[in-house]
Amino acid sequence: KLACQETEGIRIVITDRDRFRPAEFGLHLMALLQRLYPGKIAFEENRKLIGDLETIRRLQQGEAASQILSSWRAAQAQFLLKRAPYLIYP
């Protein structure tokens with residue numbers, strides 16, 4: 001389909017894998033693509049990569065990645081508290 005056609009893209013090089021946060025990066029990338037190309041990103045087709053319908057809805061509405069991340073952090077904190085009593089090794 002794209003044989004012999006020039007296409008554009010990006011190259012990403014991770015220089016510090018210990019500090020790299022792939023989920024945060026992906027969310028920022030999806031939010032940027034939505035802002036640059038509204039309505040052209042097939043979020044539903046990538047649901048398994050994105051995670052959940054609520055995040056997809058928020059991205060489609062143009063919500064900033066930083067706001068979505070803040071809500072993730074609140075949910076993560078609740079999960080970590082709930083999980084703590086069940087850890088074998090603290």
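The count of aromatic pairs comes to one. Rings of Phe, Tyr and Trp (its six-membered ring) pair if their centres lie within 6.5 Å; planes under 30 degrees apart count as stacked, over 60 as edge-to-face and the rest as tilted. The pair is formed by Phe 20 and Phe 25 and is tilted, at 5.6 Å centre to centre and 50 degrees between the planes.

This is a predicted model: local features need pLDDT of at least 70, side-chain atom pairs count only at pLDDT 80 or more, and totals for chains, interfaces and linings use all residues. Residues are numbered from 1 along each chain as its sequence is written, and side-chain values use heavy atoms, with hydrogens and water left out.

Phe 20 sits in the segment before α1. Helices (H or I, at least four residues) and strands (E, at least two) are DSSP runs, numbered from the N terminus. Not counting residues up to four places away in sequence, Phe 20 touches Ile 14 and Phe 25. Contact means heavy atoms within 4.5 Å. From the C-alpha atom of Phe 20 to that of Leu 87, 67 residues apart along the chain, the separation is 26 Å.

Accessibility comes next. Buried means under 20% relative accessible area, exposed over 50%, and partly exposed in between (1.4 Å probe, protein chains only).

| Residue | Relative accessibility | Class |
|---|---|---|
| Phe 20 | 28% | partly exposed |
| Phe 25 | 32% | partly exposed |
| Gln 34 | 9% | buried |
| Arg 58 | 12% | buried |
| Cys 4 | 88% | exposed |
| Tyr 89 | 71% | exposed |

Take Gln 34 from the table. Gln 34 is part of helix α1. Gln 34 counts as buried because its relative accessibility is 9%. Its side chain reaches the backbone oxygen of Gln 60 at 3.2 Å. Such a polar contact is a pair of N or O atoms within 3.5 Å; within protein, one must be able to donate a hydrogen and the other to accept it, and residues adjacent in sequence count only if both atoms are side-chain atoms. Leaving aside residues up to four places away in sequence, Gln 34 touches Gly 39, Ile 41, Phe 43, Leu 59 and Gln 60.

Arg 58 belongs to helix α3 (residues 53-60). What joins the side chains of Arg 58 and Glu 63? A polar contact of 2.7 Å does. Residues up to four places away in sequence aside, Arg 58 touches Glu 63, Gln 67, Ile 68 and Ser 71.

Now the helix packing. Helix α1 (residues 22-36) packs on helix α4 (residues 65-83) at an angle of about 145 degrees, and their axes are 9 Å apart. Axes are lines fitted to C-alpha atoms, for helices over the stretch in contact, and angles run from 0 to 180 degrees between N-to-C directions. From α1, Ala 23, Glu 24, Leu 27, His 28 and Ala 31 meet Ala 65, Ser 66, Ile 68, Leu 69, Trp 72 and Arg 73 of α4. By class, this contact has seven nonpolar, two polar and two charged residues. Ala, Val, Leu, Ile, Met, Phe, Trp, Tyr, Cys and Pro count as nonpolar, Asp, Glu, Lys and Arg as charged, and the others, Gly among them, as polar.

Cys 4 lies in the segment before α1. Its phi is near 65 degrees, a positive value in a residue other than glycine. Most residues other than glycine have a negative phi. Tyr 89 is placed in the segment after α4. The C-alpha atoms of Tyr 89 and Ile 10 are separated by 42 Å, with the two residues 79 apart along the chain.
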